Amino acid sequence: MLQEIKRLHFVSHGDDRGKLIALESLSEQVPFDIKRIYYIFDTTPGTIRGKHAHVKLKQVLICVSGYCVIRCDLGNGKAIDYLLNRPDQGLLLEGLVWHDMLQFSKDAVLLVLASDHYDESDYIRDYDTFLKEVARGK
Ligand code: TYD
């Protein structure tokens, strides 16, 4: 069973006007066809979002403004915090990864590129069910 958490570094095209990052569905940039984009902003201080895993969905998370933390758990009792605080940095989540999104700065805009359309049946929102699915996949 594939469970992947990978930091991505994007090439920034900079000149005296500023910077530009272009992302395409290419293996070295976004390694899936992008079917959906959503973004999280104006987050209420102290909020924890996410608290779920996906069955099939692949996502790349990019904090294009400000910062936030993505807490990832592969079901092995060891959650790892990934700070996203640069627009040239992404986090790829693939397979069964329980993730929380927290510690949003006031100006945080978390952009998410997703491999599929919104489908509630792809969500695992119960932590015990998540652990069972991880165990089942081993
Ligand atoms: P929710 O799953 O609670 O967001 P998060 O995972 O960040 O905590 O989604 C909030 C609302 O937005 C919920 O009513 C579902 C809706 N939504 C969509 O319609 N499309 C989407 O692509 C996403 C991610 C959410």
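The model is predicted; local features require pLDDT of at least 70, side-chain atom pairs count only at pLDDT 80 or more, and totals for chains, interfaces and linings use all residues. Residues are numbered from 1 along each chain as its sequence is written, and side-chain values use heavy atoms, with hydrogens and water left out.

The ligand is surrounded by R36, Y38, I40, R49, G50, H52, M101, Y118, Y123 and R125. Strands β4 and β5 each supply at least two residues of the shell. Strands (E, at least two residues) and helices (H or I, at least four) are DSSP runs, numbered from the N terminus.

For the side chain of R49, the distance from an N or O atom to a ligand oxygen is 2.9 Å. G50 uses a backbone N or O atom, 3.0 Å from an oxygen of the ligand. Taken alone, the ligand exposes 530 Å², and the protein buries 58% of that. Accessible areas come from the Shrake-Rupley method with a 1.4 Å probe; for residues, only the protein chains shown count as cover.

I37, Y39 and F41 make a nonpolar surface patch of about 350 Å². Patches consist of residues with over 30% relative accessible area and no salt bridge; nonpolar side chains (Val, Leu, Ile, Met, Phe, Trp, Tyr) are joined within 5 Å, like charges within 9 Å. F41 lies in the loop between β4 (36-40) and β5 (49-54). F41 counts as partly exposed because its relative accessibility is 47%. Buried means under 20% relative accessible area, exposed over 50%, and partly exposed in between (1.4 Å probe, protein chains only).

Side chains of opposite charge can pair when their charged atoms come close. The structure holds seven salt bridges, each a side-chain nitrogen of Lys or Arg within 4 Å of a carboxyl oxygen of Asp or Glu. One of them joins R17 and D15, at 2.6 Å from N to O. R17 is exposed, at 74% relative accessibility, whereas D15 is partly exposed, at 38%.

D116 and K35 meet in another salt bridge, at 3.8 Å from N to O. D116 lies in the loop between β11 (109-114) and β12 (123-124), and K35 in the loop between β3 (18-20) and β4, so the pair ties together parts 81 residues apart in sequence. D116 is partly exposed, at 35%, and K35 is partly exposed, at 44%.

R71 forms a salt bridge with D81, their closest N and O atoms being 2.6 Å apart. R71 lies in strand β7 (residues 68-73) and D81 in strand β8 (residues 80-84), so this pair ties together parts 10 residues apart in sequence. R71 is partly exposed, at 28%, and D81 is partly exposed, at 42%.

Note on methods
Near = heavy atom within 4 Å. Polar contact = N/O pair within 3.5 Å; in protein donor to acceptor, adjacent residues only side chain to side chain.
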